[in-house]
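The points are set out in numbered paragraphs.

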Amino acid sequence: MEEKQLLIDNEWRRAASGATMEIVNPATEEIIGTVASAGPDDLNAAVAAARAALDGPWGRLSARERGRLVRKLGERLLERADEVARLETLHNGKPISESRHIEIPAAAECFEYFGGWSDKVMGETIPVKGNYLTYTLREPLGVVAAIVPWNFPLLLAAWKVAPALACGNTVILKPASQTPLTAIALGEIAIEAGLPPGVLNVLTGPGSKLGQAIVEHPGIDKIAFTGDTNTGKGIMRGAADTLKKITLELGGKSPNIVLADADMEAAIRGATIGIFYGKGEVCAAGSRLLVDKSIKNEFVDKLAARTKKMVPGDPMDPKTRFGAVSSKKQMETVLRYIESGRAEGATLVAGGARADIGTGKGYFVQPTVFADVRPEMTISREEIFGPVLAAIEFGDIDEAVAVANASPYGLAAGIWTRDIKKAHHLARRLQAGTVWINTYNVYDTAAPFGGYKQSGFGREMSAHALEHYTQIKSVWVDLNL
Ligand code: NAD
């Protein structure tokens, strides 16, 4: 693969410093390419291009025409889905079936959805006292920087880029260092779709330097960030000096609660999908399984048996359902947490080690389940962001709620019960931005997603996202003759 360059003003450029970064395939440990590593000069050039586009052809387009271009970007992405899915799997390690049939189509749909909103973002007239015509204009924020993590590199970029463009902003997209390839592909597709120069710029580079510089840059109006909670806190501090608007989608330690009357087979399926989909590298992963103690033994036995059948495999094989952990560093983190679970006295009932798919290479970890976990154990409190499930028993609903809510995070929660009253009762009491009842890990572009508590603020997807990419101007006209 040739060196991939930065996209600035619809031109592909090497970094001004000439610096590059290597990209590793986590399933083979091979270097699969290099990308430019942007520095301050490149960032300044991207900001200048993005600002110029706001005042140029992009700013002058009608809302409907803008929406058409955003939808076209989604259509073109779908046409190139095979190739983009391949890149997503190569740099992330997720199964190709997930990239091809879930992530890339969902990203394309996000552009289709928000492109449809462009000409429906409107102001209002307000019945004020006095003889005035008072109305509001809903205007773009300006230059939006989208900083995204490595777990769903393209989808989480789409969640930000699509509404930002639909509302008339311009964008600088910074993918995670490990997974820049699909953001670069999105840049190519934006040009093919006909986006004018400067509207979507893609800068690859390390978060600690480039990310930080983006956060502090006075020419950027908003940061839309998904990533680690501690990084999010740093972004909030870094954005304070220039008072940038920010939205933060951060970590989670989501409880998946199984009541005694649940459909056990469905709940076991839901518990495994909840934690093992995406190798557990899912912010909303149901990483704490709360099970009623009257059914705990049978539930855990069946869950362990099901988990043992999930075998990691070559992510490029269409039959593989469980891929490689995204990086060596992340694999080591996951294995450290597994060790801490053992050391703190939890019972390992499935997995618990690095896996070999027969090649002797790759960052594979067995799907892992711990039982007899107590809420104070490290594996119950901290986000592992890997395929490790902590099963905790509870005595009654009040205890389940107390344990579920005793976390600084509040991203998602699951409830398994046949009792409709208990389900809705629990949904109200759980401190989480999304609650799934008798299902888990389902998403739709039309439904809002985001965190309570330290899982962040702001909502992605749905009409609510539009509020985070626009600002409101009140206009007063004196009508007194
Ligand atoms: P991370 O915070 O390390 O990195 C995320 C992005 O921020 C990357 O592009 C990185 O380069 C950049 N970055 C790093 N340091 C920065 C800094 N100082 N200033 C500016 N940018 C910086 O997170 P990660 O390890 O890539 O992703 C995993 C985390 O993301 C997990 O905590 C997970 O829960 C969270 N996540 C949340 C959601 C959600 O919607 N809430 C979705 C997916 C992932």
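This is a predicted model: local features need pLDDT of at least 70, side-chain atom pairs count only at pLDDT 80 or more; totals for chains, interfaces and linings use all residues.

1. Helix H3, residues 63-79, and helix H6, residues 153-166, have axes that come within 9 Å and cross at roughly 160°. H3 is therefore roughly antiparallel to H6, since an angle over 145 degrees counts as such. The crossing in which H3 passes H6 is right-handed.

2. On the H3 side of this pair, the residues in contact are Arg-66, Val-70, Leu-73 and Leu-77; their partners in H6 are Leu-154, Ala-162, Leu-165 and Ala-166. The H3 contact with H6 comprises seven nonpolar residues and one charged residue, with no polar ones.

3. H6 also packs against helix H5, residues 96-117, at an angle of about 10° and with the axes 9 Å apart. This angle makes H5 roughly parallel to H6, because angles under 35 degrees are classed that way.

4. H5 contributes Glu-103, Ile-104, Ala-106, Ala-107, Cys-110, Phe-111, Phe-114 and Gly-115 to the contact with H6. From H6 come Pro-153, Leu-154, Leu-155, Ala-158, Trp-159, Val-161, Ala-162, Pro-163 and Ala-166. Sorted by class, the residues where H5 meets H6 are 15 nonpolar, one polar and one charged. Leu-154, Ala-162 and Ala-166 of H6 are listed in the contact with H3 and also in the contact with H5.

5. Helix H4, residues 81-92, packs with helix H7, residues 181-193, at about 160°, and their axes are 8 Å apart. H4 and H7 are therefore roughly antiparallel to each other. Val-84, Leu-87, Glu-88 and His-91 of H4 meet Leu-181, Thr-182, Ala-185 and Ile-189 of H7. The contact of H4 with H7 consists of five nonpolar, two polar and one charged residues.

6. Which residues are closest to the ligand? Of the 28 residues that surround the ligand, the closest are Val-148, Thr-231, Leu-250, Cys-283 and Glu-383.

7. A backbone N or O atom of Gly-227 is 3.3 Å from an oxygen atom of the ligand.

Conventions
Residues are numbered from 1 along each chain as its sequence is written. Side-chain values use heavy atoms; hydrogens and water are left out. Axes are lines fitted to C-alpha atoms, for helices over the stretch in contact, and angles run from 0 to 180 degrees between N-to-C directions. Helices (H or I, at least four residues) and strands (E, at least two) are DSSP runs, numbered from the N terminus. Angles under 35 degrees count as roughly parallel, over 145 as roughly antiparallel, 65 to 115 as roughly perpendicular and the rest as oblique. A crossing is left-handed if the near helix is turned anticlockwise from the far one by less than a right angle, and right-handed if clockwise. Contact means heavy atoms within 4.5 Å. Ala, Val, Leu, Ile, Met, Phe, Trp, Tyr, Cys and Pro count as nonpolar, Asp, Glu, Lys and Arg as charged, and the others, Gly among them, as polar. A residue is near a molecule or strand if one of its heavy atoms lies within 4 Å of it. A polar contact is a pair of N or O atoms within 3.5 Å; within protein, one must be able to donate a hydrogen and the other to accept it, and residues adjacent in sequence count only if both atoms are side-chain atoms.
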